[in-house]
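Here's a quick briefing to read with the model open beside you. It starts with the fold as a whole and then zooms in on a handful of residues.

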Amino acid sequence: MHFLVLALRTPDFDPDVLPPHRAYLETLNARGLLAGYGLFRDQSGGAYIVRTDSLTEAEAVAAADPLSSTGAAEMAVWEWTLTWTAGLEPGRTEPGDQLP
């Protein structure tokens with residue numbers, strides 16, 4: 001399952017949290033949990049997509065992010081139905097997925 005993690009900066013945001021946050025994303029990627037990420041152009045926050053088996057697990061991933069644990073960002077998690085990914089045929093979310 002895919003989950004969208006939205007991180008919106010709080011007034012307590014400190015740029016010093018960004019290196020630990022990026023390292024956390026690298027750890028998620030190494031574990032095969034990270035599907036993508038990005039920063040909002042207006043610098044108000046960003047989002048990333050995780051692959052987990054449940055909403056509870058995805059919420060735990062977001063809560064362990066240094067952005068969350070330091071209070072630098074408010075985190076929200078939504079189950080997300082990924083319907084298309086660049087480089088794959090429409091309707092496929094992973095190589096080898098069956099078309100609907």
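Among contacts (heavy atoms within 4.5 Å) in the protein chain between residues at least 6 apart in sequence, 60% join residues at least 24 apart. Keep in mind that this is a predicted model, where local features need pLDDT of at least 70, side-chain atom pairs count only at pLDDT 80 or more, and totals for chains, interfaces and linings use all residues. Residues are numbered from 1 along each chain as its sequence is written, and side-chain values use heavy atoms, with hydrogens and water left out.

**Overall layout**

- The protein chain has 3 helices and 4 strands; these are DSSP runs numbered from the N terminus, with helices being H or I of at least four residues and strands E of at least two.
- Reading from the N terminus, the order of elements is β-α-β-β-α-α-β.
- Of the 100 residues in the protein chain, 33% are buried, where buried means under 20% relative accessible area, exposed means over 50%, and partly exposed is in between (1.4 Å probe, protein chains only).

**Nonpolar cores**

- A nonpolar core here is a set of buried Ala, Val, Leu, Ile, Met, Phe, Trp, Tyr and Cys residues joined through side-chain atoms within 4.5 Å.
- The largest one has 13 residues, and Val5, Leu28, Tyr48, Val50, Val61 and Val77 touch the most other members.
- Strand 1 (2-9), helix 1, strand 3 (45-51) and helix 2 (55-64) each give two or more residues to this core.
- Another core lies apart from it, with 7 residues that include Ala7, Val17, Leu18 and Leu67.
- Leaving out residues up to four places away in sequence, Val77 touches Phe3, Leu4, Val5, Leu55, Ala58, Glu59 and Ala62.

- Leu28 is found in helix 1 and counts as buried because its relative accessible area is 0%.
- With residues up to four places away in sequence set aside, Leu28 touches Leu33, Leu34, Tyr48, Val50 and Val61.
- Leu28 and Arg51 are 23 residues apart along the chain, and their C-alpha atoms are separated by 9.6 Å.
- His21 also sits in helix 1 (residues 18-30), and it counts as buried because its relative accessible area is 10%.
- The side chains of His21 and Asp65 are joined by a polar contact of 3.0 Å, meaning a pair of N or O atoms within 3.5 Å; within protein, one must be able to donate a hydrogen and the other to accept it, and residues adjacent in sequence count only if both atoms are side-chain atoms.
- Beyond its neighbours within four places in sequence, His21 is in contact with Tyr48, Asp65, Pro66 and Leu67.

**Partly exposed spots**

- Glu59 is in helix 2 and counts as partly exposed because its relative accessibility is 39%.
- The C-alpha atoms of Glu59 and Ala76 are separated by 8.0 Å, and the two residues are 17 apart along the chain.
- Gln43 lies in the loop between strand 2 (34-39) and strand 3, and its 40% relative accessibility is why Gln43 counts as partly exposed.
- Gln43 isn't glycine, yet its phi is positive, near 70°.

**Charge over a ring**

- Arg9 lies over the face of Phe13, at 3.9 Å from the ring centre; the rule asks for NZ of Lys or CZ of Arg within 6 Å of the ring centre and within 35 degrees of the ring normal.
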